[in-house]
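This report describes a single protein chain with its ligand. The sequence and structure are shown below, and the description follows.

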Amino acid sequence: MKLIVIGLGISSLTLLYNLNGRVDAECFEEDVKIGEPEHCTGIVSEKLLKLIPLARRHILGKYRRIVIVDENFRTLAELDFRENVYMVDRGGIDRSLYNDIEHRYRIYLKERIINITTENRIIKILTNRNRVLKISPDSSIIILSEGARRALYRRLTGKTERRYVYGIQCDCRISSKVTDPDTIIVMYSHKYAPGYFAWIVPREDGYYRIGLGSSTYVKYRFLTFLKIFNISRIRKLFGGKILLDPGKQTFTYHNIIFLGDCGGFIKPLTGGGNTLSALASTLLSRIILKNNNDIRMILLLYEYVSNIIKRRFIRGFNIQRIVFSKILQRSINNLPVPYVAFTCNDYDLQTRYVLNPSLKRRYLNDRDIICR
Ligand SMILES: Cc1cc2nc3c(=O)[nH]c(=O)nc-3n(C[C@H](O)[C@H](O)[C@H](O)COP(=O)(O)OP(=O)(O)OC[C@H]3O[C@@H](n4cnc5c(N)ncnc54)[C@H](O)[C@@H]3O)c2cc1C
């Protein structure tokens, strides 16, 4: 059996790293360098470091708390995490994974897949260097891990994502203290644009990573947002498309497997996909190694585990739609205290912890509410 891998981001690199060269693979990446251009803030839960132990080398910050604020920086909620939350250098993780795998597989950098078509069960892949691959479903699996752009996914399945924004961010110095070193600030507001949210994350080296996601005028809104702070030094701007809700997701199509953002492995609220992508890739690598040449079984088992992962998160997406547009702000405004604070066991499933205090206020007790 052979793998054809399209896109080398964290999801496919984790898969190839775990396969450890035991499966033949041909990989295509459109960029010249792995991990560049950078796009990700890199906020991940402890789980990512367990799934990809070498990620520990790339930690840039460590956090115990997220404070959710409105557009006037009024605190809406405070989430304390039982597990550590980290900022990692995503590009650095990608490069470390790549250094380990580059001699084990055939890798073509700067080669973009421009089209995939199916004809009598044979899949035809066309690259920008006019290479044509004809792939039989009996001998190969295609791993489509093209990230949030999902151009090939859309063309193949006709499905589109429900909601997405463009995110832009920079690392900068701020002369006054904005937040504690272990606290991330996230701002939600639908006043400016649907899906508008912003983040301020302190780094261990004294810089702040400030970013903003919006469905419209993202650069203008970001530059306006930056003016709030007394910024002294800005490093480069970076960012990209963030999926906020993958909608009805298909995980396989013929002998094509959708992985990472392309497979809709993102968590509610922020659209962060690093941990879930790494989880899906790790499970897929185990399925492939256990069922080496049985392509049908690999596709079936991947579909099965992906649905289990999705089920855990689908409630979160529904809660997100209700909570942040309606319930959270309204009910918290009506509370006799300025905001709610609660402990959250699982960074990747925050929505569950946000919903209980905002919907079922009778469950609140003295420990859940902090008066300021
Ligand atoms: C601004 C921003 C902030 C984010 N912050 C966080 C965060 O804090 N925490 C978190 O967990 N997640 C975050 N994310 C999301 C996270 O970056 C993604 O979930 C993650 O990168 C998904 O990994 P992937 O491997 O699926 O895709 P990617 O990492 O996007 O990799 C896809 C790769 O495929 C290549 N490619 C695409 N199309 C083709 C083609 N046709 N042919 C060849 N190659 C192709 C691309 O060049 C790229 O290298 C953020 C995203 C953005 C944009």
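## Terms and basis

Two strands pair if DSSP finds at least two bridges between them. Helices (H or I, at least four residues) and strands (E, at least two) are DSSP runs, numbered from the N terminus. The model is predicted: local features need pLDDT of at least 70, side-chain atom pairs count only at pLDDT 80 or more, and totals for chains, interfaces and linings use all residues. Residues are numbered from 1 along each chain as its sequence is written.

## Overall composition

The protein has eight helices and 19 strands. Of its 372 residues, 43% are buried; a residue is buried if 20 or more other C-beta atoms lie within 10 Å of its own, exposed if 12 or fewer, and partly exposed in between, with C-beta atoms placed from the backbone.

Two residues are in contact if their C-beta atoms, placed from the backbone, lie within 7 Å. Among contacts between residues at least 6 apart in sequence, 73% join residues at least 24 apart.

## The six-stranded sheet

Six strands form an open sheet with mixed pairing, in the order β6-β2-β1-β10-β17-β16. The edges are taken by β6 (106-109) and β16 (252-253); each has a single partner strand, so one side of each is left without a neighbour in the sheet.

Phe-28 has Tyr-108 in β6 as its bridge partner.

Strand β5 (residues 75-88) runs antiparallel to β3, with three bridges between them. Here Ser-45 has Val-85 of β5 as its bridge partner.

Strand β4 (residues 59-69) is also antiparallel to β5, and nine bridges join the two. Arg-65 stands opposite Asp-80 in β5. β4 and β5 make a hairpin with five residues between them, and in the turn Phe-73 has a positive phi of about 60 degrees.

α1 packs against helix α3 (residues 90-101) at an angle of about 30 degrees, with the axes 9 Å apart. Axes are lines fitted to C-alpha atoms, for helices over the stretch in contact, and angles run from 0 to 180 degrees between N-to-C directions. From α1, the contact uses Ile-10, Leu-13, Thr-14, Leu-16 and Tyr-17; from α3, Arg-90, Ile-93, Asp-94, Leu-97, Tyr-98, Asp-100 and Ile-101 take part. By class, the contact of α1 with α3 has eight nonpolar, one polar and three charged residues. Ala, Val, Leu, Ile, Met, Phe, Trp, Tyr, Cys and Pro count as nonpolar, Asp, Glu, Lys and Arg as charged, and the others, Gly among them, as polar.

A residue is near a molecule or strand if its C-beta atom, placed from the backbone, lies within 6 Å of it. There are 41 residues around the ligand, of which Gly-7, Gly-9, Gly-147, Gly-260 and Gly-273 come nearest. Elements that give two or more residues to this shell are α1 (10-19), β2 (24-29), β3 (43-45), β11 (163-174), β15 (231-245) and α6 (274-290).

β15 contributes the most, with four residues. The shell residues divide into 13 nonpolar, 20 polar and eight charged.

## Backbone exceptions

Most residues other than glycine have a negative phi, and most peptide bonds are trans. The peptide bond from Glu-36 to Pro-37 is cis, with omega near -5 degrees. Pro-37 lies in the loop between β2 and β3.

Asn-20 follows α1 and has a positive phi, near 55 degrees; its place is in the loop between α1 and β2. Asn-20 counts as exposed because it has 12 C-beta neighbours inside 10 Å. Lys-110, in the loop between β6 and β7 (113-119), has a positive phi near 60 degrees. With 12 C-beta neighbours inside 10 Å, Lys-110 counts as exposed.
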